[in-house]
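Thank you all for coming; before I say anything, please bring up the sequence and the model on your own screens, so that you can follow along.

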Amino acid sequence: MSNNDTRITTSQTIGPFSHEGWQWAVDACAAARLETSAPTLVVHGILYDGDGNPIDDAQIEAWLPEAAAAEGQQDIPGFRRTPTGKAGEFSLRLSVPEGRAAGAPVAYVTVFARGLTKHQFTAVFLEDDAALDQSAILAQVPAARRGTLVARKEDDGTYRWDIWMQTDKETVFFDYR
Amino acid sequence: MKFDEVAPGVWPDLIHPAYKSTVKRGPLQPALRIEAPVPVSRNIAPAPRILLPHDADLTRRGEQAPLGEKIVVTGRVVDEDGKPVRNSLIEVWQANSAGRYWHQRDNHDAPLDPNFFGFGKMMTDDDGRYRFVSIKPGPYPWKNHDKAWRPAHIHFSLFGNVYAQRLVTQMYFPNDPLFAYDPIFNSIPDEAARRSLVSRFSLEHTVGEEMLGYEFDIVLRGRGATPFGL
């Protein structure tokens, strides 16, 4: 390929063996040592395949652009990475600064997995966000599928958000233009 | 930046039955193209301290030199305008020379090398160039079908200059006889797109009698980068 060739480089699956190489960033954003000046909350859930089986060898990344300033002490401010666990579970402690843009997601989320030939972009919103109906992103999502992007508040104050790769619950994945 | 629609056949098929685990894991709905100013204009900014000594020399992570064919891999990361993607994080990971990953779930009956763990990271420079030293990985069986062997490859994870440029891919080596038989490589319908993942041997980057050079240039999506910070 010459330097004049601007055809994009295509994607390949992350495969099953990313964990050792990706661990440094998992450690860098671990909830137990998170330094943030903003209030935090937990979004957690399970990543499911088309048979409803948990995907236990995936990687989930979350990007919180509006929280980067509050996390200036972190190695990667406003970033999270976690492998899914044996039950497909993931948990993300997110900084949610006061006065963030109305209708913005609490995190932009990227999903990587063995068997997923290209990573998938999605985003997560909170059901009790008063500005949800002002979200420019959700407004572009067919109403019937918006719920797949909204985390539900649990009795313990955490938010539950499952990611479905397929089925009638399939999470909306984005291509940003 | 602007992100044009990707031409048909360039991305791998999300459902590619010959690669069995895609069947229940690939999304069935097409990705929804949306306007979202933040993902196409901003990105993570890792602190420089994340780079550790020898992160870009995978042969120097053990107490002794690892076994295998020492190589240097380099290339430029550019966007669709051909502009360099500067100061951008790249992660790499791979099997050792025997085709075995340093990973608890890899049960391939090939030896681990106590001096080779097979992962590293680096930043691109002001010209978008990256460079790392490693060992040529071996092919390995992966049980997808009878005699399923992966062509030798190095995994790449790129963060680009804006979030929407994120890419994970695999770099292959020239003339690998396994290309024709690999459902992961062939999940990409477009022949030129498949070829974009094959590095080329480079005498220019070969270092004396120490190691052979391979060149792998990468084009990330996106046009119209602003000069700001990029």
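I will go through the contact between the chains, then a sheet, and then the core.

What we have is a predicted model, in which local features need pLDDT of at least 70, side-chain atom pairs count only at pLDDT 80 or more, and totals for chains, interfaces and linings use all residues. Residues are numbered from 1 along each chain as its sequence is written, while chains are lettered from A and ligands numbered from 1 in the order in which they are written.

Let me begin where the chains meet: 65 residues of chain B are in contact with 55 residues of chain A, contact meaning that two C-beta atoms, placed from the backbone, lie within 7 Å. Which element gives the most to the side of chain B that touches chain A? It is S9(B), with four residues, where strands (E, at least two residues) and helices (H or I, at least four) are DSSP runs numbered from the N terminus. By class, that side of chain B has 37 nonpolar, twelve polar and 16 charged residues, with Ala, Val, Leu, Ile, Met, Phe, Trp, Tyr, Cys and Pro counted as nonpolar, Asp, Glu, Lys and Arg as charged, and the others, Gly among them, as polar.

Now please turn to chain B, which has an open sheet of four strands in the order S4-S3-S8-S9, with antiparallel pairing. S4 and S9 stand at the edges with a single partner strand each, so one side of each is left without a neighbour in the sheet.

Looking at S3(B), you will find five bridges to S4(B), where B:Leu89 stands opposite B:Met123 and B:Ile90 has B:Met122 as its bridge partner. Another five bridges join S3(B) to S8(B), and there B:Val92 is partnered with B:Phe156. Is S3(B) covered on one face or on both? Both faces are covered, with B:Leu89, B:Glu91 and B:Trp93 buried on one side and B:Ile90, B:Val92 and B:Gln94 buried on the other; buried means that 20 or more other C-beta atoms, placed from the backbone, lie within 10 Å of a residue's own.

Finally, the largest nonpolar core has 94 residues, and A:Ala107, A:Val111 and A:Val124 have the most contacts inside it; such a core is a set of buried Ala, Val, Leu, Ile, Met, Phe, Trp, Tyr and Cys residues joined through C-beta atoms within 7 Å.

Note on methods
A residue is buried if 20 or more other C-beta atoms lie within 10 Å of its own, exposed if 12 or fewer, and partly exposed in between; C-beta atoms are placed from the backbone. Two strands pair if DSSP finds at least two bridges between them.
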